[in-house]
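Welcome! Take a look at the model, then read on.

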Amino acid sequence: MKASSARITQSEVLPLKSDLGALANRINKRTQTAHNSINKLMVLKFSLALRDAKIYRQGIQMYYHVFKSIEKSLQREMARDTQYAEILKAIYRPAILRTERLHQDLMFFYGDEKKFATPILEKQIEFCEHIEKVTQEKPYLLLAYMHVLYLALFAGGKIFSSKLAQTLGMFPHVEGKTAEEVMLGATTFFKFDVEDDESLRIEYKRDYELATRNSLTEHEKQEIIEESQYVFVTNSECVKEIETHNLKRLQGKLAYQVATKGYYVMWVLAVLCMMYYVRSFI
């Protein structure tokens, strides 16, 4: 499905930032502390974090499993005849799906899907199991993930993709393909197959607001807000887990020793920087 290339009118831009009742705005307000914790230091270390291809591929592997769990759960719920299925279908756009794109990116790095078929780190496994279990019990909690993770890509994805394009030595050599072809083929995670991704973003936000405004109870909205906070916290824990997994190797790198100074600075942390940027977009 292609997003409309027609100009979006001001009346279609929803929710208004001043709308205190909009679920998206309420999520943003309650997760503001998580956003603010992503400070300027993380942004400054962003380019350094992209110098390690192994960390990069482990990072997108983590998100492959996370989005796979979300999208598996999303398809499961939309196939049901429930009020929540109708809400999800009103927001859903095929263009937002990330699993297949991440799979394509990972194949450039690993060459064999068996090497990334399942998560192996404890926190990642826990996160994926949580997503599938909690959304099975409470399908409306998928709305937390549809807000926090997918909207983040609209803003952060552009920033990240631009930085990757400037990174030397990040991508593997693939016989028969130029370096540019490999870079474009291995960074599809951050791209949307639409004519105008800004229109897609605006339409997605509008549909999210219209679908959730009057179709959920206050208790359900509170649970969605709490789940959104969980997403931020767990994302941070997964960052630390990847660093711990690579710590011995990383500590041998002078650049890492100079850059960290006690902070978690690596590729996946750059995704948190993406969350910082997205504050002005969602």
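Glu122 is exposed, with a relative accessible area of 63%; exposed means over 50%, buried means under 20% and partly exposed lies in between, using a 1.4 Å probe and protein chains only. You will find Glu122 in helix α8.

Some notes on reading the model: it is predicted, so local features need pLDDT of at least 70 and side-chain atom pairs count only at pLDDT 80 or more, while totals for chains, interfaces and linings use all residues. Residues are numbered from 1 along each chain as its sequence is written, and side-chain values use heavy atoms, with hydrogens and water left out.

## The whole protein

The protein has 14 helices and 0 strands. Helices (H or I, at least four residues) and strands (E, at least two) are DSSP runs, numbered from the N terminus. Of the 282 residues, 52% are buried.

Contact means heavy atoms within 4.5 Å. Among contacts between residues at least 6 apart in sequence, 86% join residues at least 24 apart.

Helix α8 covers residues 122–137, and its 16 residues reach 22 Å from the first C-alpha to the last, close to the 22 Å expected. The expected span is 1.5 Å times one less than the number of residues.

Which residues of α8 are buried? They are Lys123, Gln124, Phe127, Cys128, Ile131, Val134 and Thr135. These cover an arc of only 150° around the axis, which puts them on the same side of α8; the arc is that of the directions from the helix axis to the C-beta atoms. On the face turned away from that buried side sit the exposed residues Glu122, Glu129, Lys133 and Glu137.

## Helices that meet

The axes of α5 and α8 come within 9 Å and cross at roughly 10°. The two helices are therefore roughly parallel to each other. Their contact includes Met62, His65 and Val66 of α5 and Phe127, Cys128 and Ile131 of α8. Axes are lines fitted to C-alpha atoms, for helices over the stretch in contact, and angles run from 0 to 180 degrees between N-to-C directions. Angles under 35 degrees count as roughly parallel, over 145 as roughly antiparallel, 65 to 115 as roughly perpendicular and the rest as oblique.

For another arrangement, look at helix α1 (residues 23–30) and helix α11 (residues 197–212), whose axes come within 8 Å and cross at roughly 105°. That makes α1 roughly perpendicular to α11. Leu23, Ala24 and Ile27 of α1 make this contact with Tyr208, Glu209 and Thr212 of α11.

The buried residues of α7 include Thr99, Leu102, His103 and Phe108, and its buried residues pack against α5 and α10. After α7 comes Gly111, whose phi is positive, near 75°.

Lys68 lies in helix α5 and is partly exposed, at a relative accessible area of 38%. Leaving aside neighbours within four places in sequence, Lys68 is in contact with Thr99 and Ala117. The C-alpha atoms of Lys68 and Thr99 are separated by 5.3 Å.
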